[in-house]
Amino acid sequence: YVFKENRFSYQYVVQLVQRLHRNQNYRVLVVDDSQVARKQVKDLLERHLFEVVEADGAAAAMVQLATGEFTLLITDYEMPDTNGVELICQVREQLKKETLSIVGLSGQEEVSAKFIKYGANDFLRKPFFAEEFYCRINSLIEAQELNQKLWQRANLDYLTGVANRRYLMSQLADLALQSKGQGVCLAMLDIDHFKSINDRYGHQAGDQVLQEVAKELKQSLKRFIVGRVGGEEFAVVMPGLTGEQAWRLIEAIRRKISSMVLNCQDQQIQISFSAGICEANDNIEIDELFARADEVMYQAKEAGRNLVLL
Ligand code: GH3
Ligand code: MG
Ligand code: MG
Ligand code: MG
Ligand code: MG
């Protein structure tokens with residue numbers, strides 16, 4: 001392949017190896033009623049180290065998509081159960097272009113626009129050249145990686161990797177729309193005397209403390225949304241819990257964190273946080289929920305810190 005292209009430069013080989021390495025992380029679903037056609041696409045993909053799963057029609061494809069994670073879907077047009085465009089319509093109800101790229105394949109030129117109009121990212125006309133196939137797949141993957149990076153920059157906190165304030169708020173807003181009758185609890189956590197931690201151990205150690213706290217929160221609250229909403233302030237959104245249940249959960253984390261000795265910048269640091277929990281049922285007003293949880297958190301501060309109040 002490399003020799004044929006006559007581009008046997010060091011840089012080119014490095015790029016190729018990087019791509020092959022990257023491809024190992026991606027699963028591709030190949031949908032075609034013809035086993036021969038499936039095999040042809042599968043072989044090309046496997047030669048570039050993608051993990052390939054086959055489906056012989058739309059129904060089988062939907063089953064695969066429901067049970068596993070895919071980066072790319074390549075589908076034929078003419079199939080006995082449903083055609084490729086109808087399959088795409090169905091898939092796009094759940095999986096957007098940012099998370100799944102779709103390529104339509106057909107011998108008929110007139111279906112290319114149809115494929116793209118209904119949600120495919122790209123189209124290849126059969127028979128295609130392997131080189132074109134690889135180029136298109138590669139640019140789709142690159143676009144998807146870029147999208148993912150942009151999504152992360154827009155929604156996650158740079159220092160700790162938890163949700164940023166904007167993303168937490170939008171998740172809470174979605175939840176408020178969905179959860180008719182189902183309650184939600186919001187906890188506001190604020191690290192105690194964090195300014196003096198910075199003063200005593202340095203700003204870098206302070207940053208590490210924030211990372212350690214975020215890690216602990218993420219690990220202990222996997223089912224819930226954890227966000228960094230201020231400098232040393234975190235919020236936790238807990239749908240479906242009563243205030244009492246949420247209190248017990250955050251109280252257990254408070255006990256754990258206040259007894260931990262963090263090793264940051266070769267210094268042993270002990271910390272604690274104060275938290276306020278607020279419970280909301282119907283008609284969740286997000287700003288009000290935040291304000292109330294904040295108020296309860298300040299009561300915990302006034303009561304002496306290292307305390308969770310409901
Ligand atoms: P309290 O117990 O009342 O919450 O006291 P506190 O010192 O934690 O609260 P205060 O609001 O006075 O200070 C918060 C400090 O957090 C001040 C600021 O320098 C620090 N801070 C904010 N963001 C960051 C950050 O990203 N990294 C580090 N290292 N420090 C930060
Ligand atoms: Mg077919
Ligand atoms: Mg604060
Ligand atoms: Mg503080
Ligand atoms: Mg303060």
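Reader: Which strands make up the open sheet, and in what order?

Author: 6 strands form the open sheet, in the order 6-8-9-7-12-13, with mixed pairing. Strands are DSSP runs of E with at least two residues, helices are runs of H or I with at least four, and both are numbered from the N terminus. Please keep in mind that this is a predicted model: local features need pLDDT of at least 70 and side-chain atom pairs pLDDT 80 or more, while totals for chains, interfaces and linings use all residues. Residues are numbered from 1 along each chain as its sequence is written, and chains are lettered from A and ligands numbered from 1 in the order written.

Reader: What makes strand 6 and strand 13 edge strands?

Author: Strand 6 (163-164) and strand 13 (308-309) each pair on one side only.

Reader: How do you know that strand 6 and strand 8 pair?

Author: Two strands pair if DSSP finds at least two bridges between them. Strand 6 and strand 8 (225-230) have 2 bridges, in the parallel sense, so they qualify. Asn-164 stands opposite Arg-228 in strand 8.

Reader: Why is Leu-156 called partly exposed?

Author: A residue is buried with 20 or more other C-beta atoms within 10 Å of its own, exposed with 12 or fewer, and partly exposed in between; C-beta atoms are placed from the backbone. Leu-156 has 16 such neighbours, so it is partly exposed. Leu-156 sits in the loop between helix 7 (130-155) and strand 6. Leaving aside residues up to four places away in sequence, it touches Gly-161, Val-162, Ala-163 and Asn-164, where contact means C-beta atoms, placed from the backbone, within 7 Å.

Reader: How do you know that the buried residues of helix 5 lie on the same side?

Author: In helix 5 (84-92) the buried residues are Gly-84, Val-85, Leu-87, Ile-88 and Val-91. They cover an arc of only 155° around the axis, which puts them on the same side of helix 5; the arc is that of the directions from the helix axis to the C-beta atoms. Among the elements they pack against are strand 1 (27-31) and helix 4 (58-67).

Reader: What makes up the shell around ligand 1?

Author: The shell divides into 4 nonpolar, 5 polar and 7 charged residues. Ala, Val, Leu, Ile, Met, Phe, Trp, Tyr, Cys and Pro count as nonpolar, Asp, Glu, Lys and Arg as charged, and the others, Gly among them, as polar. Helix 10 gives the largest share, 4 residues.

Methods
Contact = placed C-beta atoms within 7 Å.
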